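Let's take a friendly walk through this structure, looking at how its parts meet.

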Amino acid sequence: GLNFIDLMVRQGNIDNPPKTPLVPGFECSGIVEALGDSVKGFEIGDRVMAFVNYNAWAEVVCTPVEFVYKIPDDMSFSEAAAFPMNFVTAYMMLFEVANLREGMSVLVHSAGGGVGQAVAQLCSTIPNVTVFGTASSFKHEAIKDSVTHLFDRNADYVQEVKRISTDGVDIVLDCLCGENTGKGLSLLKPLGTYILYGSSNMVTGETKSFFSFAKSWWQVEKVNPIKLYEENKVIAGFSLLNLLFKQNRGGLIKGVMDKLLNLYSSKKIKPVVDSLWALEEVKEAMQRIHDRGNIGKLILDVEKAPTPLVS
């Protein structure tokens, strides 16, 4: 699976970026080729998907058994590689952090991306949830059925949301950061939850510019704790990778994956795969994510031959 965090790793826009040489990637699917001595519950030949702490973009991947899950019989390998990061992130934010319930409203940025589409599908499993989404206008036709109200990502979505829902929304999921932080907080109803789970505005052009990076952080409004208390608002952060690999919550995530796979089996959710790319095409695939051209998930397929270039 190819994720926005992979772009941030490449540009060094994360805390403690790893030293090169480095194999990127945090999730994959494949066939079990070998087992550790004490591994139970899996056999050689099993179809599995897994979280990996780097090194996922490879033909052979090694990861602790607690991060590995069996793939349902009717799920393809490409769907399985598109499943763990996006759906676990969306589920944790909606149900574990924000406590989504019937009749609530959610604003999600990048509604056409992998997490955005997972959020929209999970919201549809709860009755009467209103989903406001922002996305590039060229994606609107493709994703208009997945959200209740869709806005252009460059439009003044704050006014649009308030026109439809005068008192705002219950949950804001923000993967953009920058100036959107203040806008998101302003849209929250009392007892609403704002969750920051990324900072894609930090990803700059093809070459990293420190000044555009600094400008994005400079635009983040300082949050006044007393104002939060007076307005009854919740502000939260969520990082799935830290939860898995730094805070040892693999057991919690396993329980979430079980619930998600039940939802998949009952045909309530389904990963959206944008496109498949050969490993040699990773530069072009990353550019597609950078340009926000994808609807759903981009997948690197080690068995795919590169598409011949047309002269």
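The chain splits into domain 1 (4-83 + 247-300) and domain 2 (94-242), with bounds that come from an automatic or database domain assignment. This is a predicted model, in which local features need pLDDT of at least 70 and side-chain atom pairs count only at pLDDT 80 or more, while totals for chains, interfaces and linings use all residues. Residues are numbered from 1 along each chain as its sequence is written, and side-chain values use heavy atoms, with hydrogens and water left out.

The C-alpha centres of the two domains lie 24 Å apart. Where they touch, 25 residues of domain 1 and 27 residues of domain 2 take part in the contact (heavy atoms within 4.5 Å). Together the domains bury about 2,200 Å², with 58% of that on carbon and sulfur atoms; buried area is the accessible area (1.4 Å probe) that two parts lose on being put together, summed over both. On the side of domain 1, Gln11, Arg292 and Ile295 supply 29% of the area buried against domain 2, more than any other three residues.

What about polar links? Between domain 1 and domain 2 there are 5 residue pairs in polar contact, both residues at pLDDT 80 or more. A polar contact is a pair of N or O atoms within 3.5 Å; within protein, one must be able to donate a hydrogen and the other to accept it, and residues adjacent in sequence count only if both atoms are side-chain atoms.

By class, the side of domain 1 that touches domain 2 has 12 nonpolar, 9 polar and 4 charged residues (Ala, Val, Leu, Ile, Met, Phe, Trp, Tyr, Cys and Pro count as nonpolar, Asp, Glu, Lys and Arg as charged, and the others, Gly among them, as polar).
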